[in-house]
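I opened the notebook to look up a few details in one structure.

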Amino acid sequence: MKTDEVISVVGTEPCQPSRDLMTVREESPAMDGPPTVEELTPPERTLMGPGPSDVHPRVLKAMSTPLVGHLDPSFIDIMNEVQELLRYTFRTDNQWTIPVSGTGSAAMEAAVGNVVEPGDTMLVPSNGYFGDRMADMARRAGGEVVTVDAPWGRPLDPAAVADAFDEHSPDVFGFVHAETSTGVLQPSVSELTDIAHENDALVIADTVTSIGGVELRVDEWGVDVAYAGPQKCLSCPPGASPLTLNDDAMDKVLSREEDPRSWYLDISLLEGYWGEERAYHHTAPITNVYALREALRLVAEEGIESRWDRHRRVASALKAGVEGMGLEMNAPEEFWLPSLNTVRVPGGVDDGAVIQYLLDEYDLEIASGLGALSGDIWRIGCMGHSARRKNVSYLLAALGDALTEQGAAVDVDAGLAAMSERF
Ligand SMILES: *Cc1c(COP(=O)(O)O)cnc(C)c1O
């Protein structure tokens, strides 16, 4: 809206400002009066990308309930319930299990920024996008970063991890359990944690795309610190992100010589709020905590192992459909990650045009490849409330149409038949 239109709407005569003021005025449309913004009506998308996933209606309902104060006795009960549900979902008895205020990257930075002390060496993987982010955070925490290499689209080899320990003696080892950029699930987690512990290192696991979607056993697998996000397989909006630390990790965090560089994410301070004391540190995002509570209640109702099974069953039908259509998965079968399916873009097809077509014609979101796989793959999530037969058949029909539109030789009927057979 132009300046004079706004003025005529509010019905006031403009005064005569000096030239200088006039210039300022022209550059500051925000000062001209209230902007006209329509009521919020976002499109109704089906979310099958790398997150967020479709949110369960019960979670949306929980988010529309009234706020209580972050120190209200009723909220203290809610905090306890969320912590208990998080322990169940992580498969851990760790006392120190909390939702961090912020997205998955905040939980990641809380983990890395507290566990890595200046002068520490952290070993990180180079086989995907999120290992690089871990490295960046470790550097900012004053750590030195060394890498264990594997190509994008392959998991880490325990022998390579052992070699990296021999060569660099890292203090902290980070790995990504479910790499959302490549659709690869890291197998043999216990083997990796054994190597780290034999070398007196702590292990930080990125479980953002595995929590609540694929088998994850924090205690049994010897993971010292795990962080996650709510908007992937927990089907909850982003904003409060799971984090758990065992006693060994907490000992290191609470005996640091130097304070962590972030005040907001300092675990020794967060302990005041989420620990025994329940004293103010920052105002918890109440609504996001409500949402997470409901999302985790849904996990508990379904049963964590049944939920892992559902993801595997539904995603395997998605995979069968994609392959039946004549497309190729990017991740090798033995490292396939059910919650994030990477599909190779056939020759001659514009990956971005397909994504746009799905959004425009079907209100359906999938994503393109990142980093080394940019342009080569699509990333199709099958997470939480999106991991349903309804979504998978919709996706396959829509993707088949988009590819046919692009002139690709795909057999959509064969894909749908292969999917149905799997169900
Ligand atoms: C999504 C994701 C993150 C980052 O989480 P945000 O909520 O986007 O901050 C980190 N690691 C993995 C593996 C992810 O998929």
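**Aromatic rings.** I looked up the ring pairs in this predicted model. The count comes to 7 aromatic pairs. I picked out Phe173 and Phe175. Their ring centres are 5.9 Å apart and their planes stand at 25°. Planes under 30 degrees apart count as stacked, so this pair is stacked. Are these residues buried or exposed? Phe173 has a relative accessible area of 0%, so I noted Phe173 as buried. Phe175 has 1% relative accessibility and also counts as buried.

**Helices α4 and α11.** Next I turned to helix packing. Two packed helices are described by the angle between their axes and the distance between the axes. Helix α4 covers residues 73-90, and helix α11 covers residues 286-302. I read an angle of about 45° and axes 9 Å apart. The two helices are therefore oblique to each other. Their crossing is left-handed. Which residues of α4 meet α11? I listed Phe75, Ile78, Glu81, Val82, Leu85, Leu86, Tyr88 and Thr89. Their partners in α11 include Ile286, Val289, Tyr290 and Arg293. The residues of this contact divide into 13 nonpolar, 1 polar and 3 charged.

**Helices α12 and α14.** I checked a second pair. Helix α12 spans residues 304-324, and helix α14 spans residues 389-405. Their axes come within 10 Å and cross at roughly 15°. That makes α12 roughly parallel to α14. The crossing is right-handed. On the α12 side I found Val314, Ala317, Leu318, Gly321 and Val322. They meet Arg389, Val392, Leu395 and Leu396 in α14. I noted 7 nonpolar residues, 1 polar and 1 charged in this contact.

**Backbone exceptions.** Last, I went through the backbone. Most residues other than glycine have a negative phi, and most peptide bonds are trans. Where is the cis peptide bond that I noted? It joins Gly51 and Pro52, with omega about 0°. Pro52 sits in the loop between β1 (46-47) and α3 (57-63).

I also wrote down two positive phi values. Arg91 has phi near 60°. Arg91 lies in the loop between α4 and β2 (96-102). Its relative accessible area is 26%, so Arg91 is partly exposed. Asp200 has phi near 55°. I found Asp200 in the loop between α8 (189-198) and β8 (202-206). Asp200 has a relative accessible area of 71%, so I noted Asp200 as exposed.

Notes: Residues are numbered from 1 along each chain as its sequence is written. This is a predicted model: local features need pLDDT of at least 70, side-chain atom pairs count only at pLDDT 80 or more; totals for chains, interfaces and linings use all residues. Side-chain values use heavy atoms; hydrogens and water are left out. Axes are lines fitted to C-alpha atoms, for helices over the stretch in contact, and angles run from 0 to 180 degrees between N-to-C directions. Helices (H or I, at least four residues) and strands (E, at least two) are DSSP runs, numbered from the N terminus. Angles under 35 degrees count as roughly parallel, over 145 as roughly antiparallel, 65 to 115 as roughly perpendicular and the rest as oblique. A crossing is left-handed if the near helix is turned anticlockwise from the far one by less than a right angle, and right-handed if clockwise. Contact means heavy atoms within 4.5 Å. Ala, Val, Leu, Ile, Met, Phe, Trp, Tyr, Cys and Pro count as nonpolar, Asp, Glu, Lys and Arg as charged, and the others, Gly among them, as polar. Rings of Phe, Tyr and Trp (its six-membered ring) pair if their centres lie within 6.5 Å; planes under 30 degrees apart count as stacked, over 60 as edge-to-face and the rest as tilted. Buried means under 20% relative accessible area, exposed over 50%, partly exposed in between (1.4 Å probe, protein chains only).
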